[in-house]
Amino acid sequence: MEKISRISDWIGARPVGPSDGVVEHLLTDSRSLCFPETTLFFALRTGKGDGHRYIADLLTRGVRMFVVEQLPQQPDPSATYLIVDDSLQALQRLAAHHREQYNIPVIAITGSNGKTTVKEWLYQMLSPDYVVTRSPRSYNSQIGVPLSVWGLSERTQIGIFEAGISQPGEMESLAAIIRPTIGVFTGLGDAHQEFFSSMEEKRREKWRLFEGCERVFTIGAGDDPLLEGKKLCGEVCRYLGMSDDVIAERMKHLESVAMRLEVKQGRHDCVLINDSYNNDLSSLDTALDFMMRRPERRDRQRVLILSDICQTGLSEQQLVRHVRALLQSRGIDIFIGIGPVLSRSGLGYGFADTESFMRSEVFQRLRGALILIKGARSFRFENITAALEQKVHETVLEVNLAAVVDNLNHYRSFLIRDTSREVRATPFVCMVKADAYGAGAVEVSKTLQDQGVSYLAVAVADEGAQLRAAGITTGIMVMNPEMSSFDTLFEYNLEPEVYSFRLLDALVRAAEKSGVTDFPIHIKLDTGMHRLGFDPEKDMPELLRHLHRQSALVPRSVFSHFVGSDSDDFDAFSREQYRRFSVGANALQEGFSHHILRHICNSAGIEHFPEYQHDLCRLGLGLYGIDSRTNAMLSNVSTLKTTILQIHDIPANETVGYSRKGRLQRDSRIAVLPIGYADGLNRLLGGGRGYCLVNGHKAPYVGNICMDVSMIDVTDVPCQEGDTAIIFGEALSPSVLAGLIGTIPYEILTSVSSRVKRVYFQ
Ligand SMILES: *Cc1c(COP(=O)(O)O)cnc(C)c1O
């Protein structure tokens, strides 16, 4: 807690307005507002937008303290404005000042991979003994680090912070804010390599973080990065005085970070957000923030099921007061507190333990709600989750939404543009057509919207309308607008691609009839695919005439699509496509005074032809984890898995399945899976051509794949009924399956049928 007047001095601001405010919370993203009276908002100018635009809205929501680069035209007399040259620098300076007040061990973690995992593990190992302040999620950037360090307080006994950099020069500012006493280095990969002239430069840059450290720990070079990560955490704990027995015991229970914040479909139309593995105040706040930002149906009640929180360093009264404030500011409709402290707190419903809650009416009555489940491990909240979960078909597609973000960041790193700020613009059109390449368009779009992408693109209008109904507000392009869908386009603000005169004229007529004006459209040029599009030379004069004689539609962008940017063999043709595109785009632009956006790169193009990036890039396959140039796996997004229903021992010479195709050469163990071609398991994989993975072993499909069922040979695979079979995922890429049957990974991904339940992880 700090007086606004002192903060003003520290950051060298020119203050305007009252000087008596007290600051407890810092805010850079207006959506995360929680405690308006004690919040200081930093209006940052980043690639994602200009924070100054949110000041008016924040004033109406009760915020009274702002750091700005520019005073609003009509400043609110009850608000304090601290005027600075650079809001980001001011934020960093404030955090550095705050840090100076604490003389405690502070651990800084950097490296190319695994920072968040190591941070969470260290937290898991240290938090039983110490009050630890750590970065929430992966707040490791030029903005995230100062926000994290601000979390240090008198109660903190150890600080753990992540530092991530993408360009030379950034680490120095992070080092000045964290001022670590202990360094942890998780190794060097090749992420963000493009901004560094060499690995050596990158290494030197990262090590600047550790300049004042008394000890630096480095990850070992073994093959298993998880094991090395655990050992690294063990070494740090030993240095901090933890005994070997305690270290060994706690290491056994380390849980993977991906387990946190799962979103699942629950029974009785409930949606569950499961964070039932760790429970402390900062992760509660993070989870509530996640819940609040999630676009949801309005009529859903928000329910929080929370267990007592241990090791906060707060008194019972302080804790209850804090939780009460969170409930109010985060708009929780129903609160259910479990454990001795919360059950007598007077907040919402209280239960002494998990079992009495599960026997209660309150539990039975949960309907149509969005439920955040958050409890310390000893309360065994997994029982609540299991009971609330919808019993799903044994075959599921697990979708890792954090991996979608990783992949987006991977492609972000190929962008060439002004990189002076840490949050670079996100000029992506993210393709969520075909139900987001099978992963599920609604959840993927929510994630991408939160990442601030410029556009989402769907194939047909109805897909766009579904996204709007689910609360998506990002711009949406419709790649293939059917003539019958124009009213849907206008009603839901879905921007069509226009590729022919017939479509253009019909769209103009419909728009004029509905009284629509200046509706954005996207002009498609055919530069060599010979699919859809205007001819960039011959058609342009006539296209300009058509566009100029009406005012219902305006060209927002002009684009074309590469035929073969995924292969070097077609480089000359790709360059010719680009030349034709430029001719058409220039001709169109000459007819208008506003800037018409240009885009031609798809996933492969972003990387291979960075000089053709222009205003937007259209990202498809790469977002879902597959590099279409190399077929390499980026961060794996989708895992299709199922369960062994039954196992039979069958003698040699018998056959398995329809048409007696699978004749057994030896006495065999045959397992049956509840997945068939109607679920999207390609029938060509049958007859031993393809395989799935059971307990890490290859198990080939035997005989013909049936509509709903398939059989696999597990003679050499240790397994039993109920075990999981991976159809595709991290260890068996869709590209591999595609290769076996002569298709492309796109088809494997988009074939997973809608009857297969999607389960999402954050
Ligand atoms: C599907 C599609 C893309 C995305 O292509 P990827 O190879 O998946 O990146 C880009 N542009 C258009 C016009 C598309 O239809």
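Which exposed residues does helix 19 carry on the face turned away from its buried side? The views below start there, and keep in mind that this is a predicted model.

View 1. Helix 19 covers residues 461-469. On the face turned away from its buried side sit Asp-462, Gln-466 and Ala-469, and these are the exposed residues that the opening question asks for. Ala-461, Gly-464, Ala-465, Leu-467 and Arg-468, on the other hand, are buried. Looking down the helix axis, you'd find these buried residues within an arc of 160 degrees, so they line one face of helix 19. Here's a handy rule for reading such a view: an α-helix has 3.6 residues a turn, so residues three or four places apart point the same way.

**View 2. What covers helix 19, and what follows it.** After helix 19 comes Gly-471, and its phi is positive, near 95 degrees.

View 3. Around the ligand you'll spot Met-431, Lys-433, Tyr-437, Met-479, His-561, Asn-602, Ser-603, Arg-618, Gly-620, Leu-621 and Tyr-746. Sorted by type, this shell has 5 nonpolar, 4 polar and 2 charged residues.

View 4. Zoom in on Lys-433: one of its polar side-chain atoms is 2.6 Å from an oxygen atom of the ligand. Tyr-437 also brings a polar side-chain atom to 2.7 Å from a ligand oxygen. Gly-620 takes part through its backbone, with an N or O atom 3.1 Å from an oxygen atom of the ligand. On its own the ligand would expose 390 Å², and the protein buries 92% of that.

**View 5. Asp-571 and its contacts.** Asp-571 belongs to helix 23, which spans residues 571-590. Setting aside neighbours within four places in sequence, Asp-571 is in contact with His-608 and Phe-609. Asp-571 and Phe-609 are 38 residues apart along the chain, yet their C-alpha atoms are 9.4 Å apart in space.

**View 6. Pro-700 in strand 36.** Pro-700 lies in strand 36, residues 697-700. Is Pro-700 buried, exposed or partly exposed? Pro-700 is partly exposed, because its relative accessible area is 32%, and buried would mean under 20% while exposed would mean over 50%. Not counting residues up to four places away in sequence, Pro-700 touches Gly-690, Tyr-691, Met-711, Ile-712 and Asp-713. Leu-685 is 15 residues from Pro-700 in sequence and 8.8 Å from it in space, C-alpha to C-alpha.

Notes: Residues numbered from 1 in each chain as written. Predicted model: local features only at pLDDT ≥ 70, side-chain atom pairs only at ≥ 80, totals over all residues. Heavy atoms only, no water. Buried < 20%, exposed > 50% of the residue type's maximum accessible area, 1.4 Å probe, protein only. Helix = DSSP H or I, 4+ residues; strand = E, 2+ residues; numbered from the N terminus. Arc of directions from axis to C-beta. Near = heavy atom within 4 Å. Polar contact = N/O pair within 3.5 Å; in protein donor to acceptor, adjacent residues only side chain to side chain. Areas by Shrake-Rupley, 256 points an atom, 1.4 Å probe, with all protein chains shown as cover. Nonpolar A, V, L, I, M, F, W, Y, C, P; charged D, E, K, R; others polar. Contact = heavy atoms within 4.5 Å.
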